[in-house]
Amino acid sequence: MPRYNIVIISIASPLLIGVYEDGMLKEEIKSEQKTSEILLKLLMEIVQKYNDCHIIYTNGPGSYMAIKLSYITLRTLEITNNISFSGCDAFSLNQQNPIKAMGKLYFIKEKETIITKKFDEAVEQRFKLPSMLSEVTILDDNKPLYILPAV
């Protein structure tokens, strides 16, 4: 089992990356830059600093572009650097609050089902890295979770 776990929240701004040592948050990195411009650079720095690591990313629901970019970046690191990665439930990182889909539609989780719901007022998007890794719901599948709302 790797000594370090890296958690990436790329589905909303700002981009958040947490480094966990033995399950406890050790370092937090925050960037207002676009995921496409900064994610690989930050991950390369982190992987050099914490070489025995496993990466966990928010694989959805949320920004499709950020999910795609994160998955492609992580898949590339897995192939080129033998770094494993998992997906995690985005709702476990925002206290189960609605997640922006598009327009006035938001993803919500009802029991174990994710649906879209229209909100007339904007819902604040507040994601947070938990202090302990055990608070993150890690999924069995690392593939992107694409839930397309009805248009």
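Predicted model: local features only at pLDDT ≥ 70, side-chain atom pairs only at ≥ 80, totals over all residues.
Residues are numbered from 1 along each chain as its sequence is written, and side-chain values use heavy atoms, with hydrogens and water left out.

**View 1. S70 in helix α2.** Helix α2 covers residues 64-81; helices here are DSSP runs of H or I with at least four residues, strands are runs of E with at least two, and both are numbered from the N terminus. S70 has a relative accessible area of 0%, so it's buried (under 20%; exposed is over 50%, partly exposed in between, with a 1.4 Å probe and protein chains only). Skip the neighbours within four places in sequence, and S70 still touches S10, T35, L39 and Y57 (contact means heavy atoms within 4.5 Å).

**View 2. The sheet β6-β7-β8.** Three strands make an open sheet in that order, with antiparallel pairing (two strands pair if DSSP finds at least two bridges between them). β6 and β8 (113-118) sit at the edges, each pairing on one side only. From one strand to the next, the twist averages 40° (axes are lines fitted to C-alpha atoms, and angles run from 0 to 180 degrees between N-to-C directions). Between β7 and β8 there are 6 bridges, and L105 has K118 of β8 as its bridge partner.

**View 3. G103 in the loop between β6 and β7.** That loop links β6 (99-102) to β7 (105-110). G103 counts as exposed, at 53% relative accessibility. D120 is 17 residues away from G103 in sequence, and their C-alpha atoms are 9.8 Å apart.
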